[in-house]
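Please walk through the model below with attention to its ligand site, strand pairing, salt bridges and backbone geometry. The text starts with a single residue and then turns to the rest.

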Amino acid sequence: MKAKLILVSLFCATLYSCNQAGKSSPIDKLLQQQERFDTLINGKQNTLYTLCNSKMAVQITNYGGRIVSIIVPDKNNTPTDIVWGFESIHDYLKAEDVYAGPLVGRYGNRIAQGKFTINGTNYQVSINNGPNHLHGGKEGFWNKIWDGQLSKNDAGEDRLVLSYFSPDGEDGYPGNVMTRVTYTLKNDNALQIEYTATTDQPTPYNPTIHPYFNLHGTTSQSTNTHYLQVNASHYTPTDSVLIPTGEIAPVEGTPADFRTAHLIGDRTSEDGNDMMKFGGGGYDINFVLDKTGEDISRAATLYEPSNGIAMDILTDQPGLQFYSGGCINGTDLGKRGDLHRRYSGLALETQHFPDSPNHPNFPNTILNPEETYRHTVVFRFYTTDTVPQQH
Ligand code: BGC
């Protein structure tokens, strides 16, 4: 009996099926097929990993650690795939938007003109976004094949550990960095992602993950119908190329005030507010989370009233970048024929503040030898009939 149970759970963790006891589950219909991801890239094996519990499933490819699917039940128990993705590795490789779901780093978000100074030495990393460096640059984590290891933790939960060695000088960053990201699908319908890293020279380090969420489960419906609540009384204003001015400003009286839940689309029109202009007519802002200490706490909640799906985001990080998709241009065709169009996916990224290496008043993002970088984010899913309002 015991051996049989182990076989069933191994089957779940290794193949693209979440079936229990030989029965096909309704979730299976939404899963992507592993065969379409099995290929060699630069001599390294790429594949697709599937994590399951009794209610939901998550798929991740080791090409950039991309989240390919997050399938959760809606209020009628209908499985709903609430992130963008593609049906094959080839679609990912030819996509115009390379940030559909991946790990980004070493530095998530922007570094002004790709320049920073550590202990008197000037560094230049690649420029890949207007005049600036974005998401780790051309040689960022999103563009690497990570080593993958599937297992179960002590609670019997499916877990994927991805690791990557980033050599000294990669994309211009100093230091050999050993980095590891652990994705765990928790029994209480949460996806937990834990980052750790060490280095042998001081280096800026601020990785995050960039899934585009759409709680409708299809890009034919806009994310502007979602409600967002963020535990942030402040944000970091930027210039027109989204580099922080250095100020930490109150959200009160601005479109960034989500201290109580607010409809995202309510304030995305070009209303003369600079904040909205810089994000292509929508949001592209860093919230300064109301936190004391480094404990994991709830940062934000996203909610779609029509199907009742809610997602809490919990983290130990000081910031949350909210990009509402104002610049998405409708070129890429994703899973199930979903066109990636403007406001059809949004990103909520736990991280340190953009361009921190050039702002001494922002929390430190330099990782030193002898230190271990740690970052946890939990995406917790449930359904409810009322807009979550808690602060
Ligand atoms: C940034 C946006 C950028 C997007 C790319 C977000 O994290 O804040 O400015 O366009 O990533 O997908």
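Where does E370 lie? E370 is in the loop between strand 27 (366-367) and strand 28, where strands are DSSP runs of E of at least two residues, and helices are runs of H or I of at least four residues, both numbered from the N terminus. Its phi is near 80°, a positive value in a residue other than glycine. E370 counts as exposed, at 82% relative accessibility; exposed means over 50% relative accessible area, buried under 20%, and partly exposed in between, with a 1.4 Å probe and protein chains only.

The model is a predicted one, in which local features need pLDDT of at least 70 and side-chain atom pairs count only at pLDDT 80 or more, while totals for chains, interfaces and linings use all residues. Residues are numbered from 1 along each chain as its sequence is written, and side-chain values use heavy atoms, with hydrogens and water left out.

Two further backbone features can be located. H135 also has a positive phi, near 55°, in a residue other than glycine. H135 sits in the loop between strand 11 (133-134) and strand 12 (147-152), and H135 is buried, with a relative accessible area of 4%. A cis peptide bond, with omega about 10°, joins G105 and R106. R106 belongs to the loop between strand 7 (103-104) and strand 8 (110-111). As background, most residues other than glycine have a negative phi, and most peptide bonds are trans.

H135 leads on to the ligand. The residues around the ligand are Y99, N109, R110, H135, H210, Y212, L242, D284, Q321, Y323 and E349, a residue being near a molecule if one of its heavy atoms lies within 4 Å of it. This shell divides into 4 nonpolar, 4 polar and 3 charged residues. In that division, Ala, Val, Leu, Ile, Met, Phe, Trp, Tyr, Cys and Pro count as nonpolar, Asp, Glu, Lys and Arg as charged, and the others, Gly among them, as polar.

On its own the ligand has 310 Å² of accessible area, and the protein covers 92% of it; the areas come from the Shrake-Rupley method with a 1.4 Å probe.

An open sheet of 5 strands has the order 20-19-22-25-26, with antiparallel pairing; two strands pair if DSSP finds at least two bridges between them. Strand 20 (249-250) and strand 26 (347-351) are at the edges, each with a single partner strand, so one side of each has no neighbour in the sheet. Strand 22 (residues 284-288) and strand 25 (residues 319-323) pair antiparallel over 5 bridges, and I285 has F322 in strand 25 as its bridge partner.

Strand 28 pairs elsewhere. Strand 15 (residues 190-199) runs antiparallel to strand 28 and is joined to it by 8 bridges, with Y195 opposite H375. Strand 24 also pairs with strand 28 in the antiparallel sense, over 7 bridges, and M311 has F381 as its bridge partner.

D81 and K335 form one at 2.7 Å, N to O. The two are 254 residues apart, with D81 in strand 6 (residues 79-81) and K335 in the loop between strand 25 and strand 26. D81 counts as buried at 4% relative accessibility, and K335 counts as buried at 2%.

R380 and D312 form another, with the closest N and O atoms 2.9 Å apart. This pair joins strand 28 (residues 373-383) to strand 24 (residues 309-315), 68 residues apart. R380 is partly exposed, at 29%, whereas D312 is buried, at 3%. Salt bridges that share partners also join D81, K335 and R336 into one network.

Notes:
A salt bridge is a side-chain nitrogen of Lys or Arg within 4 Å of a carboxyl oxygen of Asp or Glu.
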